[in-house]
Amino acid sequence: MADKGTCTIEWQRPSTSMRVGKLQFKWTSTTTGNVVYTMTDYVAGTVDRFVTNPGATAPTANYDITLLDEDSLDILAGLGANRHTSNTEVVYPQGTGALGGATGGVQIDFAGILTFNVAAAGSAKNGVATLYYH
Amino acid sequence: MADKGTVTTEWQRPSPNFPVGKLQWTWTTTTTGNVIYTFPYNIAGTVGRFVTNPGTTAPEDNYDITITDEDSLDILNGAGANRHTTTTQAVYPQATGALGKATGGVQIDFAGILTFNITSAGTGLVARSGAATLYYR
């Protein structure tokens, strides 16, 4: 799938002295309200916290974000769905399913190339999304 | 036990900048639906996430994967059983039993030589294929 919309990233990798990394996506949607941005660099870690901050040209209420790994699995476990049009929001994704506990309890590991997706945001809207990980 | 089927691996070790490692098995079964592959390198960490992705010659529904350590214990704790024939799936193995809580709660450490096993992936003398990925730290 071709990239859509525009997205720039700011990336601070974790290290021995700064154990939490930050990957920030600054996005503007297409006229159809979408963004698809595939990172070019390998990234690996464990999902801690995901923050969404609507921009000055605010996205439509209940816009959706996914962050897909190379198997097209969402490392946010669906928690990027239905983001607010004006409020900054934070979620703490966890794995569910087999032995992950019905209500979660296991943080989600990832390693590889990630694809950032926004849908249903409205025409040419913008915002910022930040993944904190270790 | 001799290795069966064919497997290629892709291994990215964890490091300070990339704290999660990835070991991926791309597998093809024997015509009896099995794979046994012993990874030749010492590997150590804590199980995070395990993903199964069926291949174009899809395994049969409810095929089973185990990753056994040098004591023949499954570091997936049974979570690799009954994998789907078409859907990519993720599981989050945790320890159960004595002090591991009945519903999980302790992630599973491993260190040593691992053996990747598939059973019940297909009959009818057709070799099935897929990929499985262990994320660990």
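Trainee: Reading from the N terminus on, in what order do the elements of chain B run?

Mentor: They run β-β-β-β-β-β-β-β-β, so to speak a plain list of DSSP runs, where helices are H or I over at least four residues and strands are E over at least two, numbered from the N terminus. The count for chain B is 0 helices and 9 strands. Keep in mind that this is a predicted model, where local features need pLDDT of at least 70, side-chain atom pairs count only at pLDDT 80 or more, and totals for chains, interfaces and linings use all residues. Residues are numbered from 1 along each chain as its sequence is written, while chains are lettered from A and ligands numbered from 1 in the order in which they are written.

Trainee: And how many helices and strands does chain A have?

Mentor: Chain A comes to 0 helices and 11 strands, running β-β-β-β-β-β-β-β-β-β-β from the N terminus.

Trainee: How do I read a sheet, and what is the order of the open sheet of 3 strands in chain A?

Mentor: Start with pairing: two strands pair if DSSP finds at least two bridges between them. Here the order is E3-E10-E5, with antiparallel pairing. E3 (35–38) and E5 (64–68) of chain A are edge strands with a single partner each, so one side of each has no neighbour in the sheet. On average, neighbouring strands in this sheet are turned by 10° against each other, direction ignored; the axes behind that angle are lines fitted to C-alpha atoms.

Trainee: How many bridges join E3(A) to E10 of chain A?

Mentor: There are 4 bridges, and E10 covers residues 115–119. Among the partners, Thr38(A) is bridged to Thr115(A).

Trainee: Why does the radius of gyration of chain B agree with a compact globule?

Mentor: The value is taken over C-alpha atoms, and the globule rule is 2.2 Å times the number of residues to the power 0.38. For the 137 residues of chain B a compact globule would be near 14 Å, and the chain has 15 Å, so the two agree. Chain A, with 134 residues, has 14 Å against a value near 14 Å, which also agrees. The C-alpha trace of chain B spans about 40 × 30 × 30 Å along its principal axes.

Trainee: What share of the residues in chain A is buried?

Mentor: Buried means 20 or more other C-beta atoms within 10 Å of a residue's own, with C-beta atoms placed from the backbone. In chain A that is 39% of the 134 residues, and in chain B 39% of 137.

How values were computed. Axes are lines fitted to C-alpha atoms, for helices over the stretch in contact, and angles run from 0 to 180 degrees between N-to-C directions. A residue is buried if 20 or more other C-beta atoms lie within 10 Å of its own, exposed if 12 or fewer, and partly exposed in between; C-beta atoms are placed from the backbone.
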